[in-house]
Amino acid sequence: MEITYASPSAGDLTYPSFTSSGASSMPTRPVKIIPLQHPDATSYGSSGGFVSSSSSSSFWSNSLFSGWWGKIKGMTFMDWIEMFLPCCRWIRTYRWREYFQVDLMAGTTVGIMLVPQAMSYAKLAGLEPIYGLYSGFVPIFIYAIFGSSRQLAIGPVALVSLLVSNVLSAIADSSDALYTELAILLALMVGILECIMGLLRLGWLIRFISHSVISGFTTASAIVIALSQAKYFLGYEIDRSSEIVPIIKSIISGADEFSWPPFVMGSIILAILQTMKHLGKSRKHLRFLRAMGPLTAVVLGTTFIKIYHPSSITLVGDIPQGLPSFSIPTSFQYVKSLIPTAFLITGVAILESVGIAKALAAKNGYELDSNQELFGLGVSNIFGSFFSSYPTTGSFSRSAVNHESGAKTGLSGIITGIIMGCALLFLTPLFEYIPQCALAAIVVSAVISLVDYEEAIFLWGVDKKDFLLWTVTTTTTLFLGIEIGVLVGVGVSLAFVIHESANPHIAVLGRLPGTTVYRNIQQYPEAYTYNGIVIVRIDAPIYFANISYIKDRLREYEVVVDKSTRRGPEVERIYFVILEMAPVTYIDSSAVQALKDLHHEYKSRDIQIAISNPNREVLLTLSKSGVVELIGKEWYFVRVHDAVQVCLQHVQSIKEASKASDPSPEEKPSFFQRLLKQRGEDSLVAELESGNNTPSDLIHGDPHLEPLLFRNS
């Protein structure tokens, strides 16, 4: 509801140069503004409304945990069961006739894909192939119970395998039993970290890593992974490293030991895999080829070995038969050296697995809690470590195949686990003749899609800053190693966040012609400003890190005259600074103190601050700190237009007071001139307030008085 009254702030400002008798007799033009409701600093309702100090609201109504506590109180017994066992959600609503067939097909398809991939990724991690099969067995069953995603396919993945190899190779030789023990211990540590982050709901921390960093990191890692598999193609050993330079030097130095047979076989199998992957993606009726690719590579390679028995091609060798036995991880004295890698793998799990799981949940029409998902991944890693598994997480390629195959529930994961169990029980004797170059081709084919050069091209055209971030992360990961690459990428990403936060966008606003809407004059050149008034919008929270920048910019606006069209009474300097605070979501104590200092600084130069549209939390903070009383309640407004009306009224009074102090006879308007001018003003303002885009002022009125509202008759 709008009310009409004469602005009570008319007499609050004192201008030493305007203390003549003429100024005191100037009439005050009534203006129509929406009154701003000020809070009682002693009490504030939890629902966002202002309440009396005698309210019975408890501490919890203002607590950060109030929403969480209310949710817990409203949970039923079945809600508690589903929270700890998310599988109950799809078990209760399972439709056997509709879902079982597609879950069976999807689980079988992923299982066929996982068997050769698991062995390949175990070799990448520096482990025996059997540990890849173990990692694709127990964790799958555990995740089906505790995981909340119904399509995510977990197990060994290339990036985690590279991280495991990178850290463990610096501690022990891959042929030592200690190497395997540390890999299993690492799975336990990763699982504990994931569970802790899930229970404490800390998954939001990963949001500070930008997509550019993730893309650059995975691109560099994919290149390193592909080069690390070159030894199986070339037929000779190369140095194990997470940096590209030592690998390339090793490849070049051993070139005289090059062997043609593994190179030809590996290249042919890689070409077949890429062809099948392309056909599976591009043609819907052939999409089964994408999942059949790894199995086809293994079958072709094994068949060739069984027929021709080439001595120059190395084989996987003997693989133990049977399911993994229960054992507790050992070598806890190495925990301290494994902590950084455990955190890094946990970060990869959040970025890759949770991101994929949320995307698949959205496509399949159900909600997914990222923290609960992280807890499910952690439990699967903990239990997996008790059965000789190294760290596992969600696979992008297998999850995509699972979704494309029509998986509806976690039953597809259970079926995949059953296939892995059958492979461990019955098929391991056949795996002895798999050529190493075939497994290497599977790894290379899987990581080629991770080389995200298209993202770099996109970023170059859209945002050079993000392209720089992508380039820095990729380069440092390639040449300085994975850990340093991640640290540099995250550091630069956080530096950009801090820079943007400490240097927020601040806009000078102007009025769009024929409206009461105020917009950025840089974006809307047709918007006009008013003499003696600066309208500034701060597009960020105000806190200790950016308050100095904001104060500096506000001082600049006093002396730097914008190039927009200016209206209103012609005065020589700025008398009012209007702060549009609608985008300001938060203000801290440092900013409050700086605002007080700014007010005193302005007051010494006869400049008044006016504040428009602060939100409830900001207004409460200003009220508690005394800033509302310091500036004056009458200088807080609901709309920018209200503030402009009041401020322009004062500017007009100041202008007329200066004229009245020493008017020349020829400048004094006659009675009829004053009457005609007033009628023009009243007509103009009435048209503006009604939203007329072509006010008569543009034809015959005085534009200086445009925002003033009509005089009560």
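**Reading a sheet and a helix in a predicted model**

Me: Which strands does strand β5 join in this predicted model, and how do they run?

Reply: In this predicted model, strand β5 (residues 506–511) is joined to strand β8 (residues 533–538) by three bridges, and the two run antiparallel. Within this pair, Val 508 stands opposite Val 536 in β8.

Me: What is the order of the strands in the open sheet?

Reply: The order is β6-β5-β8-β10-β11-β12, six strands in mixed pairing. At the edges stand β6 (518–520) and β12 (636–637); each has a single partner strand, so one side of each is left without a neighbour in the sheet.

Me: Which helix lies across β10 and β11?

Reply: Helix α24 (residues 589–604) lies across β10 (576–580) and β11 (608–612), and runs at about 135° to β11.

Me: Why can residues of a helix point the same way?

Reply: An α-helix has 3.6 residues a turn, so residues three or four places apart point the same way. Now consider α12 (residues 244–253), whose buried residues are Ile 244, Ile 247, Ser 250 and Ile 251. They cover an arc of only 135° around the axis, which puts them on the same side of α12. Lys 249, Ile 252 and Ser 253, on the other side of α12, are exposed.

Me: Against which helices do the buried residues of α12 pack?

Reply: They pack against α10 (211–228), α11 (230–234) and α21 (464–480).

Me: Is Pro 525 buried or exposed?

Reply: A residue counts as exposed when its relative accessible area is over 50%. Pro 525 has 61%, and is therefore exposed. Pro 525 lies in the loop between β6 and β7 (529–530).

Methods: Residues are numbered from 1 along each chain as its sequence is written. This is a predicted model: local features need pLDDT of at least 70, side-chain atom pairs count only at pLDDT 80 or more; totals for chains, interfaces and linings use all residues. Side-chain values use heavy atoms; hydrogens and water are left out. Two strands pair if DSSP finds at least two bridges between them. Helices (H or I, at least four residues) and strands (E, at least two) are DSSP runs, numbered from the N terminus. Contact means heavy atoms within 4.5 Å. Axes are lines fitted to C-alpha atoms, for helices over the stretch in contact, and angles run from 0 to 180 degrees between N-to-C directions. Buried means under 20% relative accessible area, exposed over 50%, partly exposed in between (1.4 Å probe, protein chains only). The arc is that of the directions from the helix axis to the C-beta atoms.
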